[in-house]
Amino acid sequence: MICEYKGKTPDIAKHAFIAHDAVITGDVIIGDYSSIWFGTIIRGDVAPVRIGKEVNIQDQSMLHQSPDMPLMIEDGVTVGHQVLLHSAIIKRHALIGMGSTILDGAEIGEEAFIGAGSLVPPGKKIPSRTLAFGRPAKIIRELTDKDFKEMNRIRKSYVEKGQYYKSVFNK
């Protein structure tokens with residue numbers, strides 16, 4: 001379901017895949033080849049939500065914001081299943097592990113990896129190219145070439161899956 005909220009209608013790129021049961025409302029922009037998976041809710045009814053190209057927001061995730069604090073997700077980000085993103089900045093090619101919570105004013109650096117089930121508290125900055133894990137999230141180590149290859153594999157697989165599902169559901 002894609003709905004207007006107080007004169008703002010989501011702007012979804014032509015090649016994005018939106019699952020039939022996702023809910024997207026208000027001031028939301030979604031870039032090309034991004035995918036919004038089953039049961040996901042994106043509410044742009046408090047501040048803007050900006051989602052770049054080749055981003056995947058996996059099943060049952062929730063995206064929202066606080067007043068005057070947009071949610072910004074740059075190109076190539078992977079957001080795992082059942083993630084809560086609230087008024088944060090997620091930089092290019094980061095990966096947010098399933099079940100994680102990223103809160104107001106937090107910033108996840110480029111190519112950073114947030115381990116599954118982590119909590120990134122308000123205002124916390126996770127440096128680029130690091131693995132952070134825990135509740136609250138702490139830096140564990142720098143990422144390796146093996147980590148980047150796996151993150152890239154996941155990102156590419158979701159672009160491919162999204163395009164497949166788009167072709168199946170939009171016949």
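## Aromatic pairs

The model contains 11 aromatic pairs, a pair being two rings of Phe, Tyr or Trp (its six-membered ring) with centres within 6.5 Å; planes under 30 degrees apart count as stacked, over 60 as edge-to-face and the rest as tilted. In the pair of F38 and Y165, the ring centres are 5.8 Å apart and the planes stand at 70°, so the pair is edge-to-face. F38 belongs to the loop between β5 (35–36) and β6 (41–51) and Y165 to helix α1, so this pair ties together parts that are 127 residues apart in sequence.

F38 also forms an edge-to-face pair with F169, at 6.3 Å centre to centre and 70° between the planes. This pair joins the loop between β5 and β6 to helix α1, across 131 residues. Ring pairs link F17, W37, F38, Y158, Y164, Y165 and F169 into a cluster.

## Basis of the values

The structure is a predicted model, in which local features need pLDDT of at least 70 and side-chain atom pairs count only at pLDDT 80 or more, while totals for chains, interfaces and linings use all residues. Residues are numbered from 1 along each chain as its sequence is written, and side-chain values use heavy atoms, with hydrogens and water left out.

## Helix α1

Helices (H or I, at least four residues) and strands (E, at least two) are DSSP runs, numbered from the N terminus.

Residues of α1 that are buried include F148, M151, I154 and Y158, where buried means under 20% relative accessible area, exposed over 50% and partly exposed in between (1.4 Å probe, protein chains only). Y165 is partly exposed at 30%, and F169 is partly exposed at 42%.
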